[in-house]
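I am opening my notebook on a structure I had not looked at before. Here is what I looked up, entry by entry.

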Amino acid sequence: MLSEVLLVSAPGKVILHGEHAVVHGKVALAVALNLRTFLRLQPHSSGKVDLNLPNIGIKRAWDVARLQLLDTSFLEQGDVTAPTPEQVEKLKEVAGLPDDCAVTERLAVLAFLYLYLSIFWKQRWTKEDLELINKWAFQGERVIHGNPSGVDNAVSTWGGALRYQQGKISSLKRPPALQILLTNTKVPRSTKALVAGVRNRLLKFPEIVAPLLTSIDAISLECERVLGEMGEAPALEQYLVLEELIDMNQHHLNALGVGHVSLDQLCQVTRAHGLHSKLTGAGGGGCGITLLKPGLEQPEVEATKQALTNCGFDCWETSIGAPGVSVHSATSLDSRVRQALDGL
Ligand code: MEV
């Protein structure tokens, strides 16, 4: 039983290089951002557990007594490779969702119930717990876009800066604390359709597309090398190399067919301020990242953010290399986060 407020957070993440190529066995570099999503678990005396996910408009409640009576041993059966249809059915029964509930909402509720029924009471997660969280997050990814590489769930779970290739993960030892802009073009897109589009283009033009994937792989490796050097002694020349890599990868991603006019606009607007950007993740809209060089004056950063906002985009300034999914005590939280949670 929950006796005190428990706070859990997970980082936002971006792929620096290697999106799409990673689906085809190439290297990707992914980093966790210092922009986090928080979950607050708070005890109260109504005898119910209430779920409130304001960003996606979900409010549901279950009787705690009923949940406690449930046989949750089905969640503990060995390794989680893929949830069996029976396990999902059982979680659905517990969730009691209406038939017309949207898929994303259904998944959010099922993921919550899974955490609630199995691991929420722990104050510190072990490596095994994190592996389990990572595996469940991967299954969520599979439902959302069919054939995920696993890079997104891995970086959200483990945090920091990761090199990812075919399920093999290694952490970059001392990644530099790069400052970036994360810009959401707000153009909706389907990761599943974009991943399938790249596959089709590869099948249609193997001689043209395979070298692009090989080149993206080389960009990821070069970026990893430069980040390694920067961890020791960052210098402006290295930022210039990172900018060149960003530009080359952005052109490759356009050639793979995952660009979008909104992303072109993002690149042009930041270029006018002397900054370099690329899409991050699936492309076709969605988000882009812009590298902020050291020594850039804050008014220039603000002017760039304003120019992007004027295009109708959302823009955040943040840094890379944040911790992965974490449990917090209420007192350890930043006052702004506490206020935001209290305002819900
Ligand atoms: C999506 O964030 C990243 C892709 O490479 C897909 C994947 O790795 O699963 C496009």
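This is a predicted model: local features need pLDDT of at least 70, side-chain atom pairs count only at pLDDT 80 or more; totals for chains, interfaces and linings use all residues.

What volume does the second largest pocket have? I found about 170 Å³. Residues are numbered from 1 along each chain as its sequence is written, and side-chain values use heavy atoms, with hydrogens and water left out.

**Pocket entry.** I checked the terms: on a 1 Å grid over the protein atoms alone, a pocket is an open set of points with protein on both sides within 12 Å along at least five of seven lines, a cavity is a set where a 1.4 Å probe fits but cannot get out, and lining residues have an atom within 4 Å of a point. Among the residues lining the second largest pocket I noted Asp247, His251, Asp264, Arg271 and Ser277. Helices α8 (236–256) and α9 (261–271) each supply at least two residues of this lining. I sorted the lining into two nonpolar, six polar and three charged residues; Ala, Val, Leu, Ile, Met, Phe, Trp, Tyr, Cys and Pro count as nonpolar, Asp, Glu, Lys and Arg as charged, and the others, Gly among them, as polar.

**Cavity entry.** I found one cavity of 30 Å³ or more. The largest cavity has a volume of about 100 Å³. Its lining includes Leu16, His17, Cys223, Lys278 and Thr290. Which strand gives the most to this lining? I noted β9, with three residues, and β1 (6–17), α8 and β9 (287–292) each supply at least two. The lining of the largest cavity divides into eight nonpolar, two polar and one charged.

**Helix entry.** I looked at α6 (residues 191–204) and α7 (residues 206–232), which pack at an angle of about 125° with their axes 6 Å apart. That makes α6 oblique to α7, because angles under 35 degrees count as roughly parallel, over 145 as roughly antiparallel, 65 to 115 as roughly perpendicular and the rest as oblique. In contact (heavy atoms within 4.5 Å), Arg201, Leu202, Leu203 and Lys204 of α6 meet Pro206, Val209, Ala210 and Leu213 of α7. I counted six nonpolar, no polar and two charged residues in this contact.

**Record entry.** UniProt lists residues 243–297 as "domain: GHMP kinase C-terminal" in an unreviewed entry. I found this span to be 45% helix and 18% strand, with its end C-alpha atoms 18 Å apart.

Note on methods: UniProt positions are given in the numbering used here, feature names are shortened, and annotations may be inferred rather than shown by experiment. Helices (H or I, at least four residues) and strands (E, at least two) are DSSP runs, numbered from the N terminus. Grid points are joined across faces, edges and corners, and a volume is the space filled by probe spheres set on the points. Axes are lines fitted to C-alpha atoms, for helices over the stretch in contact, and angles run from 0 to 180 degrees between N-to-C directions.
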